[in-house]
Amino acid sequence: MTRPDPHVVVIFGATGDLATRKLIPGLFHLAAAGLLPENYRVVGSAPASAAMSDADFRDHAHEAVATYGLTQPAGKAWKSFEAALSFGAADPDNPEPLLTKVKAAEDALGGRPRRLFHLAVPPAASRSVIGMLGATGLAKNGRVIVEKPFGTDLASARELNRIIHSVFDESRVFRIDHFLGKESVENILALRFANGLFEPIWNRDHISAVQIDVPETIGIEGRAQFFEETGTFRDMLVTHLIQVLSLVAMEPPASLEAGPLRDEKVKVFRAMRPIDPAHVVRGQYEGYREEPGVAPDSATETFVAMRVEVDNRRWAGVPFYLRSGKSLAQRRQVISLSLREPPLRMFPGDETAGDDSIVIDFGDPGWIAARFLAKKPGPAMHLSPARMTFRYGDTFREKNALEGYERLILDAMLGDQALFTRSDGIERIWETASDLLTNPPPLQPYAVGSWGPEPAATDLIAPYRWYLPEGEEKPDS
Ligand code: BG6
């Protein structure tokens, strides 16, 4: 594998939740796996009010890796990673400490290392950091990783893109969606386009409905301020679920390079009909309004189920159902494609027909199953549901796997934008959501540990059914 060029990586929000849980442990895992550049430095940054010394930042990193990392912070690998860390505070009116540390890191590496800025900060802060990167000249030749939310509606998404583009041209912008870095999500492309078994049936002639279901058991976990402003539709649907939908629905790209791949994804977004508020169920879990920091009359949704349509030759008439919510009964990430029944029922007493499907579980490490009907052993011709299952864990050595964030940070260093979202795609998604954002359907309460508001969520998908929980036999059965 090609290793990236020498790099100085600057993490803004270096002591925040995301950096602590994902970015620092992820960078160390990449370093220990020999995937980072041979020569690199990581400069942590935060406003002066949260400034720390290099030694404190190294301690923070050690703690972060020990708590959240797959690879423990020890031995030679840790020593050399630790030696590459430093900290430089930056405020819009005083970026000097950061400039000094970036310069020191570049001098230590020699030559002209690349710069990669990871904006692990809330939207308002990322706007001011981008301005600072432009004003100080740091942005020159650098790449930037931007975290969601990419705006909150079409107008704000356009404004955010305008601010970003005033400093970084699109070829240097990496909008990160960690679902796209998951092995089992990228595998959708392999499953669809590398296999004679699946490729020919992946269309409206053979598939009658698609569902992408991402229930979560966690609540808002102390993120009241973020969640009150964001809600499940913006936090999960606009980003993760619709991104996954684009991989399920896209036409075969001319190649897997960023250009053709992202063109095909954007074509899916263009073919998506505006989301009809009548096809959306919004829920809020009971007790949400009592969470610290949540308004007592909050109208923020913690659950969304909705139906979208992709109006093109491949998918016309095939509904796509999306569901995600907090405080639900299970934490799962599942795509299920219902297969059309063959034209004639020739098996007497066959009441189980109609559940044929391809199921993709994309929770790490994930599995794929084909659900079909088989003859039940015995003298009579009776059918019974059966399944064929591929499991990542059984087939591949997981130790080679990278976590979503790790894979994407590595891609950003290599300059490969294929798995990152593009500004026109984001804007189009917001455009399809504009009716929904202006006329959201009423909120419906649901019990913690349930499957969301009922019967609304079941009615939405009828005559189909959610694969979870009823559709699932025990995975090993
Ligand atoms: C994040 C959302 O992007 O994704 C969270 O902000 C959500 O609300 C999380 O819980 C889910 O991702 P994962 O990888 O933890 O399943």
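Student: Let's start with Glu216: is Glu216 buried or exposed?

Tutor: This is a predicted model, so keep that in mind throughout. Anything under 20% relative accessible area counts as buried. Glu216 has 14%, so Glu216 is buried.

Student: Which side chain does Glu216 meet in a salt bridge?

Tutor: The general idea is that side chains of opposite charge can pair when their charged atoms come close. Here the partner of Glu216 is Lys326, with 2.4 Å from N to O. The two come from distant parts of the chain, 110 residues apart. Glu216 sits in the loop between strand 7 and helix 8, while Lys326 sits in the loop between strand 10 and strand 11. Lys326 counts as buried too, at 2% relative accessibility.

Student: Which residues are linked with Glu216 and Lys326 in a network of salt bridges?

Tutor: Lys148, Arg223 and Asp235 join Glu216 and Lys326 in that network. Now look at His240, which you'll find in helix 8. With a relative accessibility of 3%, His240 counts as buried.

Student: What about Glu301, which side chain does Glu301 meet in a salt bridge?

Tutor: That would be Arg282, at 3.2 Å from N to O.

Student: Where do Asp5 and Arg114 lie?

Tutor: Asp5 is in the segment before strand 1 and Arg114 is in strand 4, so their pairing ties together parts 109 residues apart in sequence. The closest N and O atoms of this salt bridge are 3.1 Å apart. Here the side chains are partly exposed, with relative accessible areas of 40% for Asp5 and 30% for Arg114.

Student: How many salt bridges are there in the whole model?

Tutor: The count comes to 27, taking a nitrogen-to-oxygen cut-off of within 4 Å.

Student: On to helices. At what angle do helix 6 and helix 12 pack?

Tutor: To read a helix pair, check the angle first, then the axis spacing, then who touches whom. Helix 6 (residues 154-165) and helix 12 (residues 423-432) pack at about 165°, with their axes 8 Å apart. Angles over 145 degrees count as roughly antiparallel, so that is how helix 6 and helix 12 run relative to each other. The crossing is left-handed.

Student: Which residues meet there?

Tutor: From helix 6 you have Leu154, Ala157, Arg158, Asn161 and His165, and they meet Ser423, Ile426, Glu427, Trp430 and Glu431 in helix 12. By class, that contact has four nonpolar, three polar and three charged residues.

Student: And at what angle do helix 1 and helix 2 pack?

Tutor: Helix 1 (residues 17-32) and helix 2 (residues 54-68) pack at about 95°, with axes 8 Å apart. That makes the two roughly perpendicular. Thr20, Arg21, Ile24, Pro25 and Phe28 in helix 1 meet Phe57, His60, Ala61, Ala64, Val65 and Tyr68 in helix 2. This contact has eight nonpolar, two polar and one charged residues.

Key:
Residues numbered from 1 in each chain as written. Predicted model: local features only at pLDDT ≥ 70, side-chain atom pairs only at ≥ 80, totals over all residues. Heavy atoms only, no water. Axes fitted to C-alpha atoms, helices over the stretch in contact; angles between N-to-C directions. Helix = DSSP H or I, 4+ residues; strand = E, 2+ residues; numbered from the N terminus. Parallel < 35°, antiparallel > 145°, perpendicular 65-115°, else oblique. Left-handed = near helix turned anticlockwise from the far one by under 90°. Contact = heavy atoms within 4.5 Å. Nonpolar A, V, L, I, M, F, W, Y, C, P; charged D, E, K, R; others polar. Buried < 20%, exposed > 50% of the residue type's maximum accessible area, 1.4 Å probe, protein only.
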